[in-house]
Amino acid sequence: LEIKPYKHEAWNNRGIALRNLGRLEEAISSYDKALEIKPNQQEAWYNRGVALDNLGRLEAAINSYDKALEFKPEQHKAWNNRGIALSNLGRLEEAIASYDKALEIKPDLHVAWNNRGIAQGNLGRLEEAIASYDKALEIKPKQHEAWYNRGITLDNLGRLEAAIASYDKALEF
């Protein structure tokens, strides 16, 4: 950067390194510098969203994910992360819509199926939640989070034997 201070890729990569070191504010500054140079750099918008998300600045993270998606609407990770941030804000219907967009792009994204199940469960749509967990487990049978979440949902439905079986699978993995 001393030699080529206007190399936006270097600013973005610097931000990634800083984020990996846990220096999130500095990482955001690097992403901002990359975006100052090249405002349509989708990757810097996405990475900025991740750093903001990690800081708990969820609205700002969503705005960054939205900018990333403006430039690359098929970015399934941005849709999934956007859904997580929305879910953490209690905006569950919007979260499910984001997970659905991620799954439209990448139907085998098991984490999005699991996240979708969590949001559905929080809305009281327990049978739909189980269907989402089952889909996640169809894709990745050893995903202990989905087995655990499935167990909680079955427990909430009073299906205790099935809940125990799901918890046992979670413990197995």
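I am working from a predicted model, where local features need pLDDT of at least 70, side-chain atom pairs count only at pLDDT 80 or more, and totals for chains, interfaces and linings use all residues. Residues are numbered from 1 along each chain as its sequence is written, and side-chain values use heavy atoms, without hydrogens and water.

I checked the length of α1 (residues 8-20) next. Its 13 residues should span 18 Å at 1.5 Å a residue, and the end C-alpha atoms are 19 Å apart, which agrees. The expected span is 1.5 Å times one less than the number of residues. Helices here are DSSP runs (H or I, at least four residues), numbered from the N terminus.

Which residues of α1 are buried? I found H8, W11, N12, G15, L18 and R19. They lie on the same side of α1, because their arc is only 120 degrees around the axis. The arc uses directions from the helix axis to the C-beta atoms. Buried means under 20% relative accessible area, exposed over 50%, partly exposed in between (1.4 Å probe, protein chains only). These buried residues pack against α2 (24-37) and α3 (42-54), with contact meaning heavy atoms within 4.5 Å.

I then counted two aromatic pairs. Rings of Phe, Tyr and Trp (its six-membered ring) pair if their centres lie within 6.5 Å; planes under 30 degrees apart are stacked, over 60 edge-to-face, the rest tilted. Y46 and Y65 make a tilted pair, 5.9 Å centre to centre with 45 degrees between the planes. Y46 is buried at 13% relative accessible area, and Y65 is buried at 0%.

Technical notes
Helices (H or I, at least four residues) and strands (E, at least two) are DSSP runs, numbered from the N terminus.
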